[in-house]
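I opened a notebook for this structure. These entries record what I looked up, in order.

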Amino acid sequence: MSVLGNLLWFFCGGFFSALGWFLAGILWSITIIGLPVGKQCFKFAALAAWPFGKEIVYGGGAGSLILNIIWMIITGIPMALESVILGALLCITIIGIPFGLQHFKMAKLALMPFGAQIIYI
């Protein structure tokens, strides 16, 4: 079932969500200091392309907190707003609710990507 959900997701909007993460990763990777942030963005671009069958576990310490604050100010808020708006629009219909919930999962991730781990279920 997750394969079908992932295919529908990718062709009905997941591509654009993954593209946003990928572009953010490229922009962060321009500098040496931003390489760890860019690596995280590329990891989450793959999650944004195929989110069904995966969960996100949040954790981390003080270093993750500092990076999350910097991330949120520079990149996180616009990416989270994109996911929240798309999620709300998709939740209008019954068929779109699973896709909207995936966008809400990506919105939370867009605010706190550091210290987050992807778990395959």
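How many helices and strands does the secondary structure of the protein chain come to? I found four helices and two strands. I took helices (H or I, at least four residues) and strands (E, at least two) as DSSP runs, numbered from the N terminus. From the N terminus on, I read the order of elements as α-α-β-α-α-β.

**Ground rules.** I am working with a predicted model, where local features need pLDDT of at least 70, side-chain atom pairs count only at pLDDT 80 or more, and totals for chains, interfaces and linings use all residues. Residues are numbered from 1 along each chain as its sequence is written, and side-chain values use heavy atoms, with hydrogens and water left out.

**Overall dimensions.** I looked up the extent of the C-alpha trace next. Along its principal axes the trace spans about 40 × 25 × 20 Å. The radius of gyration of the protein chain is 14 Å, which agrees with the value near 14 Å for a compact globule of 121 residues. That radius is taken over C-alpha atoms, and the globule rule is 2.2 Å times the number of residues to the power 0.38.

**Surface and burial.** The protein chain exposes about 7000 Å², and I noted that carbon and sulfur atoms supply 81% of this area. Accessible areas come from the Shrake-Rupley method with a 1.4 Å probe; for residues, only the protein chains shown count as cover. Of the 121 residues, 40% count as buried. Buried means under 20% relative accessible area, exposed over 50%, and partly exposed in between (1.4 Å probe, protein chains only).

**Contacts along the chain.** I counted a contact when heavy atoms lie within 4.5 Å. Among contacts between residues at least 6 apart in sequence, 75% join residues at least 24 apart.

**H3 and H4.** How do these two helices run relative to each other, roughly parallel or roughly antiparallel? The axes of H3 (residues 62-90) and H4 (residues 97-111) come within 7 Å and cross at roughly 170°. H3 and H4 are therefore roughly antiparallel to each other. By class, their contact has 16 nonpolar, six polar and no charged residues. Axes are lines fitted to C-alpha atoms, for helices over the stretch in contact, and angles run from 0 to 180 degrees between N-to-C directions. Angles under 35 degrees count as roughly parallel, over 145 as roughly antiparallel, 65 to 115 as roughly perpendicular and the rest as oblique. Ala, Val, Leu, Ile, Met, Phe, Trp, Tyr, Cys and Pro count as nonpolar, Asp, Glu, Lys and Arg as charged, and the others, Gly among them, as polar.

**Residues in H3.** I found glycine 87 in helix H3. Glycine 87 counts as buried, at 0% relative accessibility. Not counting residues up to four places away in sequence, glycine 87 touches Gly100, His103 and Phe104. Asparagine 68 is also placed in H3. Its relative accessibility is 10%, so asparagine 68 counts as buried.

**The loop.** Glycine 96 lies between H3 and H4. I noted 5% relative accessibility, so glycine 96 counts as buried. Glycine 96 and tryptophan 9 are 87 residues apart in sequence, yet 9.9 Å apart in space, C-alpha to C-alpha.

**A residue in H4.** Which residues does histidine 103 touch, not counting residues up to four places away in sequence? I listed Trp9, Ser17, Ser83, Leu86, Gly87 and Leu90. Histidine 103 is in helix H4. At 3% relative accessibility, histidine 103 counts as buried.
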